[in-house]
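Please look through the sequence and the coordinates before reading on. The paragraphs below are meant to be followed with both in view.

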Amino acid sequence: MKVFTMNELFSMKEPDTNWTLDGVLPTSGLSIIAGKPKTGKSTFMRCLTMAVQAGAPFMDRSTKLGPVLYFALEEKATEVRKHFESLGADGHEEVRFYFGKPPGNRVQFLQTQIEEWNPSLIIIDPVFRFFEVHDCNDYQEVNRVLTDLMDVARLTEAHIMCSHHMNKGGKGDADGILGSTAIFGGVDTALMLMRNGEHRTLATTQRYGQDMPETILRFDPQTRHILGTSTKDEWSAASLRQSILTIVKELGSCTEATILTVTKGRSEDLKRELRVLVESGHVQRHGSGFKGQPFSYNLPEFAGPHLGTPKAGPAFMPVEL
């Protein structure tokens, strides 16, 4: 162990952070994704798996291309296969699966697989089934497990992502992670996945990079594939635009006053999104707008189905994951 002077410490250059998922999951890093049952943790990790093995964008962020090791420790292999099929997998993807109880020394087994396959991403779902922690509230036991995982991560070019649960009263921040505070303290990134009404949200707390604020995940209702992300404000605005389009389509032609009367939302927000639709060509405006001669609004004659489905369309509908 070397002793550094203050001058040497201040002369050190900050190393660049490389990312498996840009700005969220650092290479040679460890993360935990926490959520209540049926919030979509496994779905999220499988979508991420498909993106990384192809080097494709995920959540509008770049990924590091490479193989994926996937430890699916709670589900049947056939169910996992069905989900990957729905995500577009054809069996030729660079993914290695492990089901059931890992053999012998877990850390040594993991290191052996890493040396053999050189993955970019390792998924452990769930983490305390892999290590068989008997009490996730036991700080020393949890800290020992996560320290072992972190040591493995630091010696590889991979990112290790683990799944875990939120407690019943979890409100979506790191304090809601079930068990010892060693869980949150022992990872580089904590991802909190929540289901709020008709959509799911994701927020992160980062050791490196900037925290991701609560962000809505947009899912394809058929494949359960993550299409992208939106902030709450973006989602709200898109929902208002969809409502306006629906009203204008149903009535054929209507005034702003009618739109404000029959559409739920604050008047100023509805007016703003109506202007957006006019400027984008999704809605046409006619008339002078003078007193007694208000503007009227209708859909363009050439409007196809795609014009009636802006960003807040089917991808924002509830999806069973």
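Predicted model: local features only at pLDDT ≥ 70, side-chain atom pairs only at ≥ 80, totals over all residues.

Residues are numbered from 1 along each chain as its sequence is written, and side-chain values use heavy atoms, with hydrogens and water left out.

Strands and helices are taken as DSSP runs numbered from the N terminus (strands E, at least two residues; helices H or I, at least four), and two strands pair if DSSP finds at least two bridges between them. An open sheet of 9 strands has the order β5-β4-β6-β7-β3-β8-β9-β10-β11, with mixed pairing. Its edge strands are β5 and β11 (226–231), each of which pairs on one side only, and the twist averages 20 degrees from one strand to the next. Strands β4 and β6 (residues 121–125) run parallel and are joined by 5 bridges, with Leu-121 in β6 as the bridge partner of Val-68.

Contact here means heavy atoms within 4.5 Å, and angles run from 0 to 180 degrees between N-to-C directions, the axes being lines fitted to C-alpha atoms, for helices over the stretch in contact. Helix α3 (residues 77–86) lies across β4 and β5 and runs at about 150 degrees to β5, while helix α8 (residues 232–251) lies across β9 (199–206), β10 (215–219) and β11, at about 100 degrees to β11.

Rings of Phe, Tyr and Trp (its six-membered ring) pair if their centres lie within 6.5 Å, and planes under 30 degrees apart count as stacked, over 60 as edge-to-face and the rest as tilted. A search of the whole structure finds 10 aromatic pairs. One of them, Tyr-70 with Phe-97, is tilted, at 5.6 Å centre to centre and 45 degrees between the planes; this pair links strand β4 (residues 68–72) to strand β5 (residues 95–99), its members being 27 residues apart. With buried meaning under 20% relative accessible area, exposed over 50% and partly exposed in between (1.4 Å probe, protein chains only), Tyr-70 is buried because its relative accessibility is 0%, whereas Phe-97 is partly exposed at 33%.

The rings of Tyr-98 and Phe-109 have planes at 85 degrees and centres 5.7 Å apart, so this pair is edge-to-face. Tyr-98 lies in strand β5 and Phe-109 in helix α4 (residues 106–117), 11 residues apart. Both Tyr-98 and Phe-109 also belong to one aromatic cluster with Phe-71, Phe-130 and Phe-131.
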